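Subject: A structure to look at, with notes

Dear colleague,

I am handing over the structure below, and I would ask you to keep it open while you read the notes that follow it.

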Amino acid sequence: MEKPDKRTSILIAAQKLFSELGYEGTSTRQIAKESGANMSMINYYFGSKEGVFLEVINERVQGFKAQLVSISEDQCLPLEKLIKVIEGYTRRILSDIPFHKMMYREISLAQRPEMCLRLKDAMSGNMQVIETIINSGIADGTFKSIDTRMLIATIMGTISSVATMPSKITQGSILDITIPKDKEILTDRLIAHLKDLVTTYLTPQK
């Protein structure tokens, strides 16, 4: 049991440090100390800090993909599937905003092109599952014909905007996204908004 447990502890420690300190601010030595592992274990399992980071991302992406596949296989209407996707993605992003900001920064700045490309490739599979759900609704007449990828960008962009710049929503109120009970209020508010948005936008005109 030693090896699987230690590998997992390295990934848990790495995600925590990447969230708190960012990619640049985190070292493999810090990961080793936080996880109780040694440097040779990190090198054995992941090869480098970049390898650790990519595996952390991969586990998150694959975890969400499993959730998406389960939703896509549900025996329910396309709109119900899409709303489940929105709920799952919103809660996943807002549950660890610092990590999302760090990952978004890596993708947007592209300071490490090879790693950036691998991140985008890892996430593209999830986007394809969402695209399939929407396109199936268009095909069976449940949804009107729309630009599927623009809609996905709208959904994902709105969630990311609230996560990275919550002041757009909280300014002038007492809500603070760093406070758990306020974050839950904002999460529910965001889900309700996106639910109304896609329902109104996708429902065919009679």
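Just after helix H2, Gly36 takes a positive phi of about 80°. Please bear in mind here, and throughout, that this is a predicted model.

Helix H2 itself, which covers residues 28–35, has Thr28, Ile31, Ala32 and Ser35 as its buried residues. These cover an arc of only 100° around the axis, so they lie on the same side of H2. On the face of H2 turned away from the buried side you will find the exposed residues Arg29 and Lys33.

Let me now step back to the whole chain. The protein chain has 10 helices and zero strands, and the order of its elements from the N terminus on is α-α-α-α-α-α-α-α-α-α. Along its principal axes, the C-alpha trace spans about 65 × 40 × 35 Å, and of the 206 residues in the protein chain, buried ones make up 42%.

How do H4 and H5 lie relative to each other, roughly parallel or roughly antiparallel? Two packed helices are described by the angle between their axes and the distance between the axes. The axes of H4 and H5 come within 9 Å and cross at roughly 160°; angles over 145 degrees count as roughly antiparallel, and H4 and H5 are therefore roughly antiparallel to each other. Their crossing is right-handed.

Helix H5 also packs with helix H8 (residues 148–164), at an angle of about 25° and with the two axes 10 Å apart. Since angles under 35 degrees count as roughly parallel, H5 and H8 are roughly parallel to each other, and H5 passes H8 in a right-handed crossing.

The aromatic rings come next, and the count here is six aromatic pairs. One of these pairs is formed by Tyr23 and Phe53, which are edge-to-face, with 5.1 Å from centre to centre and 75° between the planes. Tyr23 counts as buried because its relative accessibility is 7%, and Phe53 counts as buried because its value is 0%.

A second pair to look at is that of Phe64 and Tyr89, whose ring centres are 5.4 Å apart and whose planes stand at 45°, so the pair is tilted. Here too, distant parts of the chain are linked, with Phe64 in helix H4 and Tyr89 in helix H5 (residues 78–95), 25 residues apart. Phe64 is buried, with a relative accessible area of 4%, and Tyr89, at 15% relative accessibility, counts as buried as well.

Two further details concern Tyr23. Together with Phe18 and Phe53, Tyr23 forms one aromatic cluster, and the charged end of Lys49 sits over the ring of Tyr23, 4.3 Å from the centre of that ring.

Val52 is found in helix H4 and, at 0% relative accessibility, counts as buried; the C-alpha atoms of Val52 and Ile10 are separated by 8.2 Å, although the two residues are 42 apart along the chain.

From C-alpha to C-alpha, Lys81 and Ile71 are 5.9 Å apart in space, and they are 10 residues apart in sequence.

Ser70 has its place in helix H4 and, at 42% relative accessibility, counts as partly exposed. Between the C-alpha atoms of Ser70 and Tyr89 the separation is 14 Å, and along the chain these two residues are 19 apart.

Key:
Residues numbered from 1 in each chain as written. Predicted model: local features only at pLDDT ≥ 70, side-chain atom pairs only at ≥ 80, totals over all residues. Heavy atoms only, no water. Phe/Tyr/Trp six-rings, centres within 6.5 Å; stacked < 30°, edge-to-face > 60°. Buried < 20%, exposed > 50% of the residue type's maximum accessible area, 1.4 Å probe, protein only. Helix = DSSP H or I, 4+ residues; strand = E, 2+ residues; numbered from the N terminus. Lys NZ or Arg CZ within 6 Å of the ring centre and 35° of its normal. Arc of directions from axis to C-beta. Axes fitted to C-alpha atoms, helices over the stretch in contact; angles between N-to-C directions. Parallel < 35°, antiparallel > 145°, perpendicular 65-115°, else oblique. Left-handed = near helix turned anticlockwise from the far one by under 90°.
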